[in-house]
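Colleague: I've never looked at this one before. Can you walk me through it while I have it on screen?

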Amino acid sequence: MIIENNEPLSSAGPNSSGDVRTGTTPEIFRQAILENLYFQLGRVPPLATPHDWYAAVAATVRDRLLGNWVKSMRLLAGEAGEMRAVSYLSAEFLIGPQLGNTLLCLGLTDAVRQAVAELGLDLDQLLEQEEEPGLGNGGLGRLAACFMDSLSTLGILSVGYGIRYEFGIFDQVIQDGWQTEMTDKWLRFGNPWELPRPEFVYNVGFWGSTQGYTDDQGRYRVRWIPHSMVKGMAYDYPVPGYRVEMVNMLRLWKSEAVESFDFEAFNRGDYYGAVSDKMKSETISKVLYPNDEPEIGKMLRLIQQYFFVCCSLQDMFRLHKMKGLPAERFYETFTVQLNDTHPAVAVAELMRLLVDEHRVGWEAAWETTQKTFAYTNHTLLPEALEKWPLPLFGDLLPRHLEIIFEINQRFLDEVRLKYPLDDERAARLSLIDETGPKYVRMAHLATLGSRAVNGVADLHSELLKQTVLRDFYELYPEKFFNVTNGVTLRRWVALSNPRLTELISEKIGEHWISQPEELKKLENLADDPEFQQRWRRVKQENKARLAGLIRGQTGITVDPESLFDIQVKRLHEYKRQHLNVLHVIALYRRLKLGGAADVPPRTVIFGGKAAPGYFMAKLIIKLIHAVGEVVNGDPDLKDRLKVVFYPDFNVKHAHPIYPAADLSEQISTAGKEASGTGNMKFSLNGALTIGTLDGANVEIREEVGAENFFLFGLSAEEVQRLQSQGYRPEDYYRNNEALREVLDLIRSGFFAHGDRELFRPLVDSLMFDDQYLLLADYQSYLDCQDAVGRAFLEPARWNRMSILNTARMGKFSSDRSIQEYNEKIWKVKPL
């Protein structure tokens, strides 16, 4: 039915009776959508744009969340009595589009689909109108979003705190094979899912000086007198659980000037000066992760981190005060999880609030702080463990540096008592790195200031205790835990793969969506020929859909019957996208020489963004395109090999990619990837993994079975041994003719229109450094890829392996991760 008049339906109709805000029948939805279009957007149907219709539908669906959201927030405000809440501090929340996920959680997809169809609209087209919220960079932010989903689904009262970036991670545009970055204006049409909270505004200070004084009880105190001040204003986002009443909150902070307009400057004729404070203050939340190569970039990044931590802790104290509890019992209201080191300055800030603002004694304040925080480490790469230059930190946050010095002095006294005469150990444990220019070690601060520290996969947690945090583990072994990462099955299977969801639910019921251990029941169907055929048909339909999107995005035609070999993740040398490219070149040469008669047609699909200042990662993207240009344009191959780079990979674009994969590339150097979550999303959707024993790959292989996982490469122990013995990549080049021919082909300019210099930095890096051991793993990788090809030529065997991958991946639900965090660390009673 198409609406032809310009008026909304009357809210006094027979089916309304107040239900226009809460009713869930298609007729009421249709009425509510029209009323929101008219009264909220000021539009009538003939003049409404597709985005207007999307906004009206989103507002209608959001209304159905508000009742339970308000109930949950009342609990957070103290109506739950002594109940504690989880506060999740993260610089990133890559939440993805919200409308489809909210409809899924509320069980309203079919009703809304019918309602919009009666309005002459298509729900899938409206879903495409939604902007990707640019609030994260990759796995860290997506993990935080999955965890918030699971916290709500499991009924654990929680609030996520972060930054409302006006411009998120850049939009990636490919020009002549090179990545270029475009501004991500994700808020240009507004956001129907956020609620501004101008009543929740907190001051945040920077720079200035400290001043000692004696309080009215004769105690020595210190006050910080900031030189500059900004405001943080709250914007709230609902986080619904799956088919439950719990709706938790994601609260993001926007920076504003304390005074947005200077009348005195304006009256003097200084029109720019009249608004300069406003412009400078708003820079803080303007963009996700500024380039921190220049000093000004480092400063802005530290400002961002302190800004959202300061606002968040003040907000938590406001909620804590509503319970009538003293400040030193703060940990009875909140348990605070630090998602990596970005919010680690919270340790010093909580001490400042307790000691300086609430006048709690030092020992009691430190006890409260350690009982409040827990810290998740996400990396073993030393360069990724944040350190701030001491002069920069002390200039920007002078009081916090004093507090860190005091914490450090007391801590090192304890270390020297336990390990007398071991100055080297004390230096390694110190919160201040004094091996050269002095730095504040944020991972050390987070570890010391927390009651629990966890890694994110079994291997990662063990390596953490053996390497970067070894000294802390030896001092406080009881602090260390493992909680393997997980992903939400709601978004990454039920929402993104509706065909597979329907097939699974038909066979084993729908409980698996919130009880992932139910997937085990699929094992009984793995050898059923009829089920195998239906499973394969679902995969082919997903591949055909992705093939259409690839053609639309890149102009490249791919064969859905070919093996879809996919590697989508952030571009980094340790993730080894260039190892994948070396295999593509080797396979291309075999096909050209006619020596690959038993090799199945293969489509190799890459996707991911390189950090704007990361030259080598950008050069790898260029190499992928250069190889693709040659391979895709060679008529001799007869479409037996295609190379695709899917641009601007994000949550929205990931939805059709994971369900379409036959092969998942998880090929990082063993010991470098903390966990990975893309590996989980692929396997849950029935892709088989080719991978190293790195991160969560180890546990995935244990769960799905070694016979259903394509393993290659050195183990983490073998990597360490080879590097300690003196790794010489040139030896592998000389001793492996096939490898030599591939590298020489790149070096010759064959993929660069004769330009021998274009890829020289990449080839030289592999030949003379090869930090991530591509050449050492090359032959093992190629042999394993041959095994992949042979298995793909046996459809029944491949289908069985695919079914068993999905059936045995229930462990890697974020629901299980959150249950483990709660049992081991938070100990919060679910509602």
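Colleague: Let's begin with the rings: how many aromatic pairs does the count come to?

Modeller: The count comes to 24 aromatic pairs. For a pair, the rings of Phe, Tyr and Trp (its six-membered ring) need centres within 6.5 Å; planes under 30 degrees apart are stacked, over 60 edge-to-face, and the rest tilted. Y202 and W253 form an edge-to-face pair, 5.6 Å centre to centre with 70 degrees between the planes. That pair links distant parts of the chain, 51 residues apart: Y202 is in strand β5 (residues 195-206) and W253 in strand β9 (residues 247-257). Helices (H or I, at least four residues) and strands (E, at least two) are DSSP runs, numbered from the N terminus.

Colleague: Before I go on, what kind of model is this?

Modeller: This is a predicted model: local features need pLDDT of at least 70, side-chain atom pairs count only at pLDDT 80 or more, and totals for chains, interfaces and linings use all residues. Residues are numbered from 1 along each chain as its sequence is written, and side-chain values use heavy atoms, with hydrogens and water left out.

Colleague: OK, what's the mean pLDDT of the protein?

Modeller: The mean is 93, and 95% of the residues reach 70 or more; pLDDT is the predictor's confidence in each residue, from 0 to 100. Over residues 1-18 the pLDDT is below 50, though this stretch has 35 contacts in the model beyond near neighbours in sequence. Contact means heavy atoms within 4.5 Å. Where pLDDT is low, the predicted coordinates should not be read in detail.

Colleague: Which residues touch the most other members in the largest nonpolar core?

Modeller: F206, F393 and F710 do, in a core of 223 residues. A nonpolar core is a set of buried Ala, Val, Leu, Ile, Met, Phe, Trp, Tyr and Cys residues joined through side-chain atoms within 4.5 Å. Helix α9 (residues 295-322) supplies the largest share of this core, 13 residues. Apart from it lies another core, of 54 residues, including L519, W535, M680 and V704.

Colleague: And what does F393 touch?

Modeller: Not counting residues up to four places away in sequence, F393 touches L302, V345, W388, P398, H400, L401, I404, V440 and M442.

Colleague: Switching topic: where is D149, and what does its side chain do?

Modeller: D149 lies in helix α6 (residues 139-153). With a relative accessible area of 6%, D149 is buried. The D149 side chain makes a polar contact with the side chain of R490 (2.5 Å) and another with that of T488 (3.1 Å). A polar contact is a pair of N or O atoms within 3.5 Å; within protein, one must be able to donate a hydrogen and the other to accept it, and residues adjacent in sequence count only if both atoms are side-chain atoms.

Colleague: Which residue's side chain does S158 join by a polar contact?

Modeller: S158 pairs with N248, at 3.0 Å. S158 is found in strand β2 (residues 158-163), and it counts as buried because its relative accessibility is 1%.

Colleague: Is D340 buried or exposed, and why?

Modeller: D340 counts as buried because its relative accessibility is 9%. L421 is exposed, with a relative accessible area of 88%.

Key:
Buried means under 20% relative accessible area, exposed over 50%, partly exposed in between (1.4 Å probe, protein chains only).
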